[in-house]
Amino acid sequence: MGKKIKKEVEPPPKDVFDPLLIESKKAATVVLMLNSPEEEVLAKACDAIYKFASKGDENKVTLLSLGAVEPLFKLISHEDPIVRKNATMVFGIMASNSDVKKLLRELDVTNSLIARLVPEEDVIIHEFASLCLAHMAVEYTSKVQIFEQGGLEPLIRLLSSPDPDVKKNSAECIYHLVQEFNDLHVEALAVVANCLEDVDTMQLIQQTGGLKKLLSFAETSTIPDIQKNAAKAISKAAYDSENRKILHEQEVEKCLITLLGTDNDGVKTAVSQAISAMCENLASKDAFGIQGIPQLVQLLSSDNEEVKEAAAMALANLTTANPGNASSVAEAEGIEPLINVLSTKRDGAVANAAIVLTNMATQEPLRLSIQSHSIMNAIVEPLQSTNSQVQSKAVLTVAAFGCDADARTELRNAGGLEPLVKLLHSRNEEVRRNACWAAVVCASDELTAVELCRLGALDILEEINLSMGRRNHFSERALDKLLDNDLSQKYSQLGYLSFSNIITDSFYDYGQVKPGVKLLSLEELSTQELNDRRAVILVNIKPPEVALTVEEKLQDLVYGRPINLLPSSTFRKSSKERASAVVSPVDEKQESSGRPSSLSKGSTREKGSRKGKGKKEEEKPKEEEEFQIAPKIQEEVTLEKLPWLPPFDFILLDYINDASKTILPLATTKEQVVALAQFVAGNMGGPIEKDKLHEFSWELHISEIKFEQKCNVIPIGKIKKGTFYHRALLFKVIADRIGVGCTLVRGEYTRAWNEVKLVDDSPQGITGLLLPPQVYVVDLMYQPGCLMKQGSAEADHYKLI
């Protein structure tokens, strides 16, 4: 019987690990597998990471944060071709991320990638290695590394690869590397620009010849980026005064003028900005003028808004405080393009164009030339801008051209005063200040001043001047200027009339009012019922040439003849002579003509009966016929609203005529002032002793005049007992008419005085010495004609109650 033998199976070695199938859904776990010594694990891990990275940029960042790049870098040189291929594929995908690319550059992976481009490698490795290099070749540092490590030659060889992706990636990488040649200059210029900001470095570059080489290179290069960066380098350097001096010595102006002719908007913009920066050097400003300005003027018509703005800014800097360059702009036919720029939508261009036009306006021929192009019409739109810089420069332009009457009329008709008034409200201090200055200039004529007041300028300026924070010299000047066209309001509000404020007819002194309170018109005040308020003092010697009565109109209509007004010679007669002249000239004429008198109480029939019975009966029907139509005519005339006119002051006219005859001929201003003071005092109650001033009953006298006139407004000539403010007003009125300069100042309560400027005599023994004029206060009350030096105790006492 055979014996069955059982075969025993040998157990596996104790040091061998049984195969383990791992399924992981965590990227961190797979990244750890990149450090495995097993090739199969490495290959599978790389493949999994490639698929994960391909899904998006966020996954690439995740892998970067998990530290996958460093082990992958080692694996692209692994001896196993599959591991090597898979690792290279991951690099090709991940290199598109800028953060990954930065780390690859730090790890200096380019040498290992270039080694993968050899013909022996798999085409897949060629594809992804060239892709990774193409991503990295965008950066300048990597370009240098690729060149230095001999990467260009294998890339060129791969252009003949049968694989289209390899060709594409290699061509793209080579393209970036070829741009290296020029881009390095661009980058170098950017570095140089930073260096040129430092004065010591600038001097060192100049001493070594580097600055001259830079300018020459920029001037001769045809690459726009190089030209642009060179101009930017000059701009940065030019912010320092010492650097500007060095650049000027190297004739930087010639380089920049040459670059202005470049057919590239970016270069034109950068060069224009460099010119602006160099304009801080006065010699450079002159150097740019002849050749640079015509080119800049041409750029104002560019379709590129940045170019237009940069050119306008350069011209603004070139023409500031430089009349020669301002003239060059006009000679280059720059006026029309500049005005056109005012209507563009780019704020910087509009503001700078306004500056150029303002700079040009300092020369009258240029100002008139610009005015002929309707500058005030064009400036209305910038005045309505919401940009504070545009607003500020626009109102300065208004101020520059507003000195011309035609320009003010144009601005008024174009509706420019309304936005100007609105800018007085601006919260921007510069805008508000400039708007006030423009208002000062525009208020030079009555029509514009009245329109400004109608639009609320006076109220706004009063409000501004009440604020310590917003008030400024220009706001005060603007308010004063507007009030110059209404001296009655000015004197009531400010209590002061200057030497240049000449009192004219229809002026009235209402008394002191608070800021913002508007005076009633003279007509309104005259028609009020009598009251116990301070009397309103009127100044008016305008002949009532249009103040025809209803009777005179009736006479004119009935007889078809012009009315004989009082001849001008009548106003030169005395009050008594004029009283008879009012009746006699017309009566005499009527007696010779047989026509009725409009100035007598009697009727024509009464005159006819007085003249006697010799009148023919046949004349009666004609006479009766004339007066049959009279009631109808009178009714028509009565219906007409006659214009109100202030009463004529015959006595004041006498004063002025007398002063013209007796005071005006005096040899010196001092003699005229003294004589006028005595004349005024003599007609207003004479000298008053200080301790008896309370006995001087001027108040009762004024009340009597008001009652007599049945009006609260009384002509100043009627006042025979006048106190300080009556006398000071009369002195100012007569002084203004005969050409003696003086002020009118209101004090407390009834006080007012006049100031005059007189030149003192030269010290004894010294001849020909011209001394500055001194201000004196004129005594009109106590010692009429006494002159008290301003600031003296005597003058101060005169002003006090």
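**Strand pairing, a helix contact and the cysteines**

Guide: In this predicted model, I537 stands opposite I714 in strand β4.

Visitor: How do β3 and β4 run, and how many bridges join them?

Guide: Strand β4 covers residues 713-715, and β3 and β4 run parallel, joined by three bridges.

Visitor: And β2, in which sense does that pair with β3?

Guide: Strand β2, residues 507-509, pairs with β3 in the antiparallel sense, over three bridges. Within that pairing, Y508 has L538 of β3 as its bridge partner.

Visitor: Which way do the residues of β3 point?

Guide: Strand β3 spans residues 536-539; V536 and L538 point one way, while I537 and V539 point the other way.

Visitor: Are those residues buried or exposed?

Guide: V536, I537, L538 and V539 are all buried.

Visitor: Let us turn to the helices. At what angle do α21 and α23 cross?

Guide: Helix α21 (residues 323-331) and helix α23 (residues 347-360) have axes that cross at roughly 110°. These axes come within 9 Å.

Visitor: What does that make the two helices relative to each other?

Guide: Angles of 65 to 115 degrees count as roughly perpendicular, and α21 and α23 are therefore roughly perpendicular to each other.

Visitor: Which residues make the contact?

Guide: On the α21 side the contact is made by A326, V329 and A330, and on the α23 side by V356, N359 and M360.

Visitor: What classes do the residues in that contact belong to?

Guide: The contact of α21 with α23 has five nonpolar residues, one polar residue and no charged residues.

Visitor: Now Q298. Where does that sit?

Guide: Q298 lies in helix α19, residues 282-299.

Visitor: Is Q298 buried or exposed?

Guide: Q298 has a relative accessible area of 61%; the cut-off for exposed is over 50%, so Q298 is exposed.

Visitor: How far is Q298 from P337?

Guide: From C-alpha to C-alpha, Q298 and P337 are 8.3 Å apart in space, and in sequence they are 39 residues apart.

Visitor: One more topic: how many disulfides are found?

Guide: Zero disulfides are found in a search of the whole structure.

Visitor: Is C132 buried or exposed?

Guide: C132 is buried, since its relative accessible area is 0%.

Visitor: And C46, buried or exposed?

Guide: C46 counts as buried, with 0% relative accessibility.

Conventions: Residues are numbered from 1 along each chain as its sequence is written. This is a predicted model: local features need pLDDT of at least 70, side-chain atom pairs count only at pLDDT 80 or more; totals for chains, interfaces and linings use all residues. Side-chain values use heavy atoms; hydrogens and water are left out. Axes are lines fitted to C-alpha atoms, for helices over the stretch in contact, and angles run from 0 to 180 degrees between N-to-C directions. Helices (H or I, at least four residues) and strands (E, at least two) are DSSP runs, numbered from the N terminus. Angles under 35 degrees count as roughly parallel, over 145 as roughly antiparallel, 65 to 115 as roughly perpendicular and the rest as oblique. Contact means heavy atoms within 4.5 Å. Ala, Val, Leu, Ile, Met, Phe, Trp, Tyr, Cys and Pro count as nonpolar, Asp, Glu, Lys and Arg as charged, and the others, Gly among them, as polar. Buried means under 20% relative accessible area, exposed over 50%, partly exposed in between (1.4 Å probe, protein chains only). Two strands pair if DSSP finds at least two bridges between them. A disulfide is a pair of cysteine sulfur atoms within 2.5 Å.
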